[in-house]
Amino acid sequence: MKMKGIDYSNTLLLISRKELQDGSYASLITEALKRLGATDSNSDSNSSTETKLSILLLHNINRFNSIQRLLLEFYDYSRAQKLKLGISNVKVYVLYNENYIHLKDSYKFTAILKSVDCDAHSFENKWDVPVYQIPIDASSIHADHKIELVDDEGTSCEGRYKTVAVGGTFDHIHDGHKILLTISGFLTRDHLIVGVTGKELLKNKKYADFLEDFETRSESVHDFFNIVNPQLDYKIYEINDVCGPTGTIDDIDALVLSSETVSGGEYVNNFRKEKGFRELIIEEVDIVGGGTKEDGWKDKLSSTYYRKLEYEKSKP
């Protein structure tokens with residue numbers, strides 16, 4: 001998939017901390033999506049090939065709130081721009097800290113994009129990949145895009161827990177799933193337990209006929225970690241009850257839940273107490289898309305939306 005001789009099929013976008021602070025990162029993401037979107041629109045409409053855009057902040061993040069805000073801002077902004085630009089086949093991934101180093105031999109980027117002012121020479125020299133500069137459109141920079149990450153010199157949250165657990169359906173994997181999985185990996189020092197729901201917990205899902213099967217959903221999790229955290233040690237379990245592996249494995253330190261499902265943490269811990277297991281620390285991740293507990297998170301980003309699209313496509 002090439003545009004004017006440039007292969008953008010697997011692109012890495014570099015963003016400096018200054019560009020995060022002054023809000024110009026938004027202009028860079030928009031321009032990158034336009035370039036990849038042009039590739040997308042010029043490809044065969046029947047092709048299932050995906051163009052990938054990986055976004056890397058050239059600044060180390062060590063606090064939970066900082067990585068959560070970065071992920072929310074980058075994924076939310078990218079999703080809004082894709083919708084605005086009519087781009088459907090570009091998949092966005094947000095990389096953090098030095099996980100990208102482990103991609104060098106296993107994952108081949110086809111192009112690197114950066115601003116004219118982004119000082120990334122030490123980074124570029126490590127990769128045998130063409131680097132292209134993006135001009136920043138000053139008129140597109142808005143104050144509400146500015147992000148100031150508060151990373152102190154205290155104890156890092158990265159690798160805070162020896163063993164972490166997280167669970168989900170991971171159907172039609174979307175930005176909410178990506179953030180949940182990324183933060184789970186961020187918090188893990190030794191091993192991550194990933195529960196992927198099985199048939200017993202999916203019986204009442206809307207548009208159930210368009211649910212991806214367990215193998216497809218598990219493969220999506222594998223593919224995601226291969227890009228975002230390739231060195232992570234993790235294992236996928238099929239779960240058909242509320243607790244899943246947290247109800248059978250004592251050696252777990254923390255459970256990562258979304259704001260929508262955080263109340264389930266109390267049930268899990270009560271179940272573990274009855275078995276003589278230690279209580280889990282609950283780490284809560286914000287809902288993507290909006291809504292509140294009172295309105296049932298009605299505006300959240302959900303796999304139901306994507307299954308509905310599949311249903312509508314299937315109608316004669």
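Author: Helix α3 and helix α5 are roughly antiparallel to each other (an angle over 145 degrees), because they pack at about 155 degrees. Their axes lie 10 Å apart, α3 covering residues 64-85 and α5 covering residues 175-187. Axes are lines fitted to C-alpha atoms, for helices over the stretch in contact, and angles between N-to-C directions run from 0 to 180 degrees. Helices are DSSP runs (H or I) of at least four residues and strands (E) of at least two, numbered from the N terminus.

The model is predicted, with local features needing pLDDT of at least 70 and side-chain atom pairs 80 or more, while totals for chains, interfaces and linings use all residues. Residues are numbered from 1 along each chain as its sequence is written, and side-chain values use heavy atoms, with hydrogens and water left out.

To return to the helix pair, α3 contributes Phe 64, Ile 67, Gln 68, Leu 71, Leu 72, Tyr 75 and Arg 79 to the contact (heavy atoms within 4.5 Å), and α5 contributes Asp 175, Lys 178, Ile 179, Thr 182, Ile 183, Phe 186 and Leu 187. By residue type, this contact between α3 and α5 holds 9 nonpolar residues (Ala, Val, Leu, Ile, Met, Phe, Trp, Tyr, Cys or Pro), 3 charged ones (Asp, Glu, Lys or Arg) and 2 polar ones (the others, Gly among them).

We can now turn to the strands. An open sheet is formed by 5 strands in the order β10-β9-β8-β11-β12, and their pairing (at least two DSSP bridges between two strands) is parallel. At its edges stand β10 (234-239) and β12, each with a single partner strand, so one side of each is left without a neighbour in the sheet. From one strand to the next, the twist of this sheet averages 25 degrees.

On one pairing, β11 is joined by 3 bridges to the parallel strand β8 (residues 161-168), where Val 166 stands opposite Val 256 of β11. Helix α7 (residues 264-274) lies across both β11 and β12, running at about 155 degrees to β11. Elsewhere in this sheet, 6 bridges join strand β9 (residues 188-197) to β10 in parallel, with Ile 193 standing opposite Lys 235 in β10.

A further open sheet has 5 strands with parallel pairing in the order β5-β4-β3-β6-β7. Its edge strands are β5 (90-95) and β7 (131-134), each of which pairs on one side only. Strand β4 (residues 51-57) is joined to β5 by 6 bridges and runs parallel to β5, and Leu 56 stands opposite Leu 95 in β5. Helix α6 (residues 214-228) packs on this sheet and touches β4 and β5, its direction making about 55 degrees with that of β5.

Taken as a whole, the chain has 8 helices and 12 strands, and 49% of its 316 residues are buried.

Terms used: Angles under 35 degrees count as roughly parallel, over 145 as roughly antiparallel, 65 to 115 as roughly perpendicular and the rest as oblique. Buried means under 20% relative accessible area, exposed over 50%, partly exposed in between (1.4 Å probe, protein chains only).
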